[in-house]
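I opened my notebook to look up how this chain is put together. Here is the model, and then my entries.

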Amino acid sequence: MSHVTLKSGYTELVDRLNRFPQGAPPSKTLYQILKILFSEQEAGLVAQLPIKPFSAAQASRILKMDLLETQKALDELSSRAILVDTEREGQTTYTLPPPMAGFFEFSMMRLRGDIDQKVLGNCITSI
């Protein structure tokens, strides 16, 4: 009999982050940070995105979502500095920055009312 393990979106995201050369070793603090920055559904989506820059069309195929729905999700994550979006010649490209010198810090660069930035800052500094 095989043992089935269900992974949460957060666990999948931690696995994804550790594909970067500079990973983010699993810890209680890392999971606290991810739960502040991402819903579990968002974490599961981001866990599926490529490491290299990608378009909304590429993400739509990977996520098996409608292109407009994908675009909306990517733009929402970009508005919170979770993804970096760049436009060149009318084409938008998205990238998930590496965790430690990336989205943790980027997410703190914007004043936000949707999260407790003091708690997030304390978590980040304790890593």
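**Entry 1: the cavity**

I began inside. Leu45, Leu49, Leu63, Ala73, Leu74 and Leu77 line the largest cavity. A cavity here is a set of points, on a 1 Å grid over the protein atoms alone, where a 1.4 Å probe fits but cannot get out; lining residues have an atom within 4 Å of a point. The volume of the largest cavity is about 30 Å³. That volume is the space filled by probe spheres set on the points, with grid points joined across faces, edges and corners. I searched the whole structure and found one cavity of 30 Å³ or more. Which element gives the most to the lining of the largest cavity? It is α5, with three residues.

**Entry 2: ground rules**

I noted that this is a predicted model, where local features need pLDDT of at least 70, side-chain atom pairs count only at pLDDT 80 or more, and totals for chains, interfaces and linings use all residues. Residues are numbered from 1 along each chain as its sequence is written, and side-chain values use heavy atoms, with hydrogens and water left out.

I then looked up the confidence. pLDDT is the predictor's confidence in each residue, from 0 to 100. The protein chain averages 82, and 80% of the residues score at least 70. Helix α4 (residues 56-63) has the highest mean, at 97. Helix α6 (residues 99-108) has the lowest, at 56. Over residues 1-5, pLDDT stays under 50. A contact means heavy atoms within 4.5 Å. Where pLDDT is low, the predicted coordinates should not be read in detail.

**Entry 3: the layout**

I counted seven helices and two strands in the protein chain. Helices (H or I, at least four residues) and strands (E, at least two) are DSSP runs, numbered from the N terminus. Along the sequence, the pattern reads α-α-α-α-α-β-β-α-α. Of the 127 residues, 39% are buried. Buried means under 20% relative accessible area, exposed over 50%, and partly exposed in between (1.4 Å probe, protein chains only). I also checked contacts between residues at least 6 apart in sequence: 55% of them join residues at least 24 apart.

I took α1 (residues 9-17) and listed its buried residues: Gly9, Tyr10, Leu13, Val14, Arg16 and Leu17. They cover an arc of only 160° around the axis, so they sit on the same side of α1. The arc is that of the directions from the helix axis to the C-beta atoms. An α-helix has 3.6 residues a turn, so residues three or four places apart point the same way.

Next came α4. Which residues are buried in α4? They are Ala56, Ala59, Ser60 and Leu63. These fall within an arc of 105° seen down the axis of α4, so they line one face of the helix. The buried residues of α4 pack against α3, α5 and β2 (91-95). Just after α4, Lys64 takes a positive phi of about 55°.

Is Pro25 buried or exposed? Pro25 is exposed, because its relative accessible area is 62%. I found Pro25 in the loop between α1 and α2. Leaving out residues up to four places away in sequence, Pro25 touches Asn18 and Leu30. Leu30 is in helix α2 (residues 28-37). Leu30 counts as buried because its relative accessibility is 1%. From Leu30 to Tyr10 I read 9.6 Å, C-alpha to C-alpha, across 20 residues in sequence.

**Entry 4: the pocket and Glu42**

Last, I looked up the largest pocket. A pocket is an open set of points with protein on both sides within 12 Å along at least five of seven lines. About 180 Å³ of space lies in the largest pocket. Ser39, Gln41, Glu42, Leu45, Met65, Glu69, Ala73, Glu76 and Leu77 line it. The elements giving two or more residues to this lining are α3 and α5 (67-79). α5 gives the most, with four residues.

I stopped at Glu42, in helix α3 (residues 40-46). Glu42 counts as buried because its relative accessibility is 19%. A polar atom of the Glu42 side chain lies 2.9 Å from the backbone nitrogen of Ser39. Not counting residues up to four places away in sequence, Glu42 touches Leu37, Leu77 and Arg80.

Notes: A polar contact is a pair of N or O atoms within 3.5 Å; within protein, one must be able to donate a hydrogen and the other to accept it, and residues adjacent in sequence count only if both atoms are side-chain atoms.
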